[in-house]
Amino acid sequence: MKRILIASLLAMTGVTSAYAGDVKVKDAWTRATAAGQDSAMVQLVITSKKAAKLVGVACKDANTSEIHSMVMEGELMKMRQVDSIDLPAGKAVDLGEAGYHLMLIGLKKPLEAGKKTNCEMVVRGADGKDTKVQVISKIKPLAESAHHEHAHHH
Ligand SMILES: [Cu+2]
């Protein structure tokens, strides 16, 4: 009985790390949280050798992690959860420039400048296979990143 349960759990997740080398992540960063802040955004650049989609994220320091888009509606910056982000073959996708970020919601502890925070993304290939991709984000001081953020909205 136990054996069957384990087998079906593996089948359900359908995750393989066989193609992990095909997906590269760089420049992952977030910023230190201010007192009382319980969410944070992660930015990164992701390149997939083959056409794929970013379909999920789970971050160690957050209760919930989502993929968000960020758009200006008039004067307001609005964030929405999206199901996936397209990753064209061989193209470096800068989430920030493309108007996306990873959202950490319900932080388990404050994010401290100089430390790192870990997430795991799920990238789905055109063949429907999922690959887990580790993301280690630098935590930048608050002041440094304020400037960055504005650059994304013009
Ligand atoms: Cu968000």
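Student: In which sense do strand 4 and strand 8 pair, and over how many bridges?

Tutor: Two strands pair if DSSP finds at least two bridges between them. Strands (E, at least two residues) and helices (H or I, at least four) are DSSP runs, numbered from the N terminus. In this predicted model, strand 4 and strand 8 pair in the antiparallel sense over seven bridges. Within that pairing, Thr64 stands opposite Ile105 in strand 8.

Student: What do strand 4 and strand 5 form?

Tutor: They form a hairpin with two residues between them, and Gly74 in the turn has a positive phi of about 60°. Strand 5 covers residues 76-81 and pairs with strand 4 in the antiparallel sense over six bridges. His68 stands opposite Gln81 in strand 5.

Student: How many helices and strands does the protein chain have?

Tutor: The secondary structure comes to two helices and 10 strands. Along the sequence, the pattern is α-β-β-β-β-β-β-β-β-β-β-α.

Student: Which residues of the largest nonpolar core touch the most other members?

Tutor: In soluble globular proteins, nonpolar side chains tend to be buried together. A nonpolar core is a set of buried Ala, Val, Leu, Ile, Met, Phe, Trp, Tyr and Cys residues joined through side-chain atoms within 4.5 Å. Here the largest core has 27 residues, and Leu44, Ile46, Leu54, Leu102, Leu104, Met121 and Val123 touch the most other members. Strands that each supply at least two residues of this core include strand 1 (23-31), strand 4 (62-73) and strand 8 (100-107).

Student: Is Leu104 buried or exposed?

Tutor: Buried means under 20% relative accessible area, exposed over 50%, and partly exposed in between (1.4 Å probe, protein chains only). Leu104 counts as buried because its relative accessibility is 0%. This residue lies in strand 8. Of the 154 residues of the protein chain, 36% count as buried.

Student: Which residues does Leu104 touch, beyond those up to four places away in sequence?

Tutor: Contact means heavy atoms within 4.5 Å. Leu104 touches Asp38, Ser39, Ala40, Val42, Cys59, Ala62, Thr64, Thr117 and Cys119.

Terms used:
Residues numbered from 1 in each chain as written. Predicted model: local features only at pLDDT ≥ 70, side-chain atom pairs only at ≥ 80, totals over all residues. Heavy atoms only, no water.
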